[in-house]
Every structure is written in C-alpha cells, then in structure tokens.
Amino acid sequence: MEKHVAVVGSGNMGSCISKICALNARSSTEFCNEVRIWVHEELIGEEKLSDIINTRHENVKYLAGTRLPENAIAVTDLAELGSWADILIFVLPQQFLPRVLAGLKGHTRPGACAVSLIKGVFAGQEEEPMPRGLSLLTDLIRSNLGMECAVLMGANLAPEIAKEVYCEATLGCRDPIRAAELKRLFQTPYFRISIIENEFSVEICGALKSIVATGAGFCDALGFGDNTKAAVIRLGFMEILRYVQRFYGSAGVTKRTLMQSCGMGDIISSCYNTKDVKWAATRSTMTALGRLACTIS
Ligand SMILES: NC(=O)C1=CN([C@@H]2O[C@H](COP(=O)(O)OP(=O)(O)OC[C@H]3O[C@@H](n4cnc5c(N)ncnc54)[C@H](O)[C@@H]3O)[C@@H](O)[C@H]2O)C=CC1
Ligand SMILES: O=C(CO)COP(=O)(O)O
C-alpha cells in the first residue's frame with residue numbers, strides 16, 4: 001500500500017521539504033503521488049495562501065521564487081490531514097506545536113509515524129495542558145499522538161536547499177526499516193541523508209546549537225572578528241559535548257553524532273547565517289541585553 005505523506009508547516013523549510021518529498025513521491029511506487037502540506041491559513045492581499053500554493057504552485061510568502069511540484073497540495077484542515085497521513089512531517093516554529101498537536105489528537109491513522117524537523121525544546125508554562133519545564137519536542141509528539149517520532153536535522157538553510165545547492169542532513173531513527181524508508185523519501189542528489197539510530201542525540205544537537213549561534217551573533221554585534229567567532233564556535237561545540245555527557249550521559253550521545261551534519265555542520269552554518277545569529281547581532285538586542293545586565297548588577 002502506498003504511504004500518504006503530510007508536511008505539517010509551510011514556512012521556509014516546510015516548503016523546501018514538501019518540494020523534496022513531492023518530487024520523490026512522484027517517481028516512487030512506495031509513496032502516494034499526492035503530498036499534502038498543512039498551511040496555517042493567511043491572506044496575501046485578497047487571496048488565501050493555500051489557494052495561491054494550489055494554483056500558482058509557489059509559496060509566495062515563505063519561499064518566493066521556488067516552484068513547488070503540482071502534486072504538493074496545500075490543505076488547511078488538521079483533523080482531516082491526520083486521518084489521511086501515514087507519515088506526518090512536523091516543520092513549524094516550536095511555539096505553534098502544542099496547538100497543532102491538539103488539532104491532530106484523536107485524528108491519526110493506526111500505524112502512522114512522525115518525523116520532526118523542529119529545532120528547539122519545549123518550555124512548559126503552568127497554565128498549559130503540557131508538561132512543565134523542559135521537554136523534547138518529539139516527546140510531545142509521541143505522547144500526544146501515540147506514535148513513533150524520528151528526527152531530521154542538519155546544516156539546512158532553506159533558501160540554499162530551495163536552490164538545490166548541496167547539503168547534508170542527519171536522520172535520527174531507531175527502527176532501521178523505517179529509517180531506510182524515510183531516507184528514500186527525503187534523499188536527493190543535493191540533500192544527502194546519514195542515519196543515526198539514536199534519535200535523542202540528533203534532536204538535542206539541533207536544540208543546543210541555537211545557543212552557540214546566539215553567542216556568535218553577539219560577536220558580530222560587538223564587532224569582533226572571525227578569530228573570536230571561531231573560538232566561540234569551538235568552545236560552544238565542547239560545551240554541547242560536556243552538557244550532553246553531564247545531563248544525558250546514559251542516553252548515548254557520542255562524538256559520532258556530534259561530527260554529523262546535525263552537530264558540527266549545523267553549528268557552523270548557524271553561526272554564520274540563521275535567524276538566531278541575525279537576531280543576536282542586532283544593535284537593539286545588544287541594547288536590551290545591556291539594560292538587563294545593568295538591572296541585574
Ligand atoms: N531540521 C532542519 O534541518 C531545519 C529545521 N528548521 C526548523 O523548522 C521550523 C520551521 O522553520 P521555517 O520553515 O523556517 O519557518 P518560517 O519562519 O519560515 O515560517 C513560519 C511558519 O509558521 C506558520 N505560522 C504562523 N503563525 C502560526 C500559527 N498561529 N499556528 C501555526 N503556524 C503558524 C506560518 O504559516 C509559517 O508556515 C523551525 O523550528 C526551524 O528551526 C528550519 C530549517 C532547517
Ligand atoms: O537551523 C536552521 C537551518 O539549519 C534554521 O535556520 P533559521 O532559524 O534561520 O530558519
């Protein structure tokens with residue numbers, strides 16, 4: 001039976017991965033030709049974004065200039081999507097995940113699985129019906145939807161993937177048969193997938209690299225050069241290693257994972273060109289942090 005593939009999220013990266021999956025599905029007998037993308041509906045002028053994607057085959061807001069395959073179909077009903085999909089690929093900013101999971105809960109197919117591309121951790125607040133404190137985003141997906149969840153992380157700047165410029169990604173998946181299936185869904189000549197069995201290790205790398213990228217952005221804001229930034233990257237990398245050994249030693253995060261695209265690769269690209277580094281590098285961020293430091297001291 002052909003598997004139904006759904007991408008939950010239609011931003012920069014969601015559109016890129018939809019394009020990849022739709023092209024791979026088109027030339028495969030393993031996956032259903034139609035790949036559905038869940039769009040958080042918004043108006044672009046007078047037109048709905050989902051209508052624009054389905055008629056012009058371009059996500060004009062989040063990935064303008066890239067043609068999406070015609071078998072990538074935008075949808076807006078989460079429950080209907082959940083009831084249809086065998087593989088749910090989550091790729092949306094983490095703050096929206098709880099609401100999206102609530103919309104999918106109770107509307108999933110038996111035997112369906114998930115893959116998360118979302119980088120970060122969930123910080124639960126008291127008033128939310130979610131766990132308090134820090135949780136892995138994949139644990140939220142597993143516990144809310146009752147399905148296995150793999151991860152796909154790497155040095156994967158969406159605008160470059162959209163131009164089909166070579167990059168690598170790491171698939172964290174403990175089940176070797178599912179890992180091979182997902183690799184067939186995601187891999188292209190310009191998007192090369194390596195498999196690591198330890199899902200947790202891949203996910204935690206994607207979460208922690210943002211802290212290092214923020215440090216690299218502060219270097220930019222302070223006018224430090226590339227030597228200092230290289231030191232921040234090296235020290236940040238060592239700190240990630242120490243952090244995971246100290247807090248998750250038994251979870252088996254190894255240097256092998258850290259040397260993959262999800263580790264070393266993502267830290268390098270993120271310290272030069274992500275929203276994290278750009279945010280940290282702005283003068284207003286530095287001014288706000290300076291004020292905060294004065295308040296604390
Ligand atoms: N695994 C990987 O290698 C990569 C992962 N990412 C991750 O993918 C995630 C998504 O990033 P992008 O696609 O760049 O996002 P983006 O910043 O381009 O797009 C924002 C998305 O949020 C949606 N949105 C806005 N308001 C919403 C709401 N109230 N509810 C639900 N959705 C809403 C928008 O429709 C849009 O799809 C992030 O967590 C990012 O870290 C990004 C690049 C590579
Ligand atoms: O992790 C990322 C790319 O690898 C995400 O980058 P942005 O946050 O700039 O979208």
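Here is a short chat about a helix pair and a ligand site in a predicted model.

Biologist: Let's start with Ala 231: is it buried, partly exposed or exposed?

Modeller: Ala 231 sits in helix 9, which covers residues 226–248. Buried would need under 20% relative accessible area, and exposed would need over 50%. Ala 231 comes out at 33%, so it counts as partly exposed.

Biologist: And how many Å separate the C-alpha atoms of Ala 231 and Lys 61?

Modeller: Along the chain, these two are 170 residues apart.

Biologist: OK, on to helix 9 and helix 11: at roughly what angle do their axes cross?

Modeller: Helix 11 runs over residues 261–272, and its axis comes within 11 Å of the axis of helix 9. The crossing is right-handed. As for the angle, it is roughly 145°.

Biologist: Which residues of helix 11 does helix 9 meet there, and what classes are in the contact?

Modeller: From helix 9, the residues taking part are Asp 226, Lys 229, Ile 233, Phe 237 and Ile 240. Their partners in helix 11 are Gly 263, Met 264, Ile 267, Cys 271 and Tyr 272. Sorted by class, that contact has seven nonpolar, one polar and two charged residues.

Biologist: Now ligand 2: which residue has a backbone N or O atom 2.7 Å from one of its oxygen atoms?

Modeller: The residues around ligand 2 include Gly 154, Asp 266 and Lys 275. A polar backbone atom of Gly 154 is 3.2 Å from a ligand oxygen, while a side-chain N or O atom of Asp 266 is 3.5 Å from one. The 2.7 Å distance belongs to Lys 275.

Terms used
Residues numbered from 1 in each chain as written. Chains lettered and ligands numbered in written order. Predicted model: local features only at pLDDT ≥ 70, side-chain atom pairs only at ≥ 80, totals over all residues. Heavy atoms only, no water. Helix = DSSP H or I, 4+ residues; strand = E, 2+ residues; numbered from the N terminus. Buried < 20%, exposed > 50% of the residue type's maximum accessible area, 1.4 Å probe, protein only. Axes fitted to C-alpha atoms, helices over the stretch in contact; angles between N-to-C directions. Left-handed = near helix turned anticlockwise from the far one by under 90°. Contact = heavy atoms within 4.5 Å. Nonpolar A, V, L, I, M, F, W, Y, C, P; charged D, E, K, R; others polar. Near = heavy atom within 4 Å. Polar contact = N/O pair within 3.5 Å; in protein donor to acceptor, adjacent residues only side chain to side chain.
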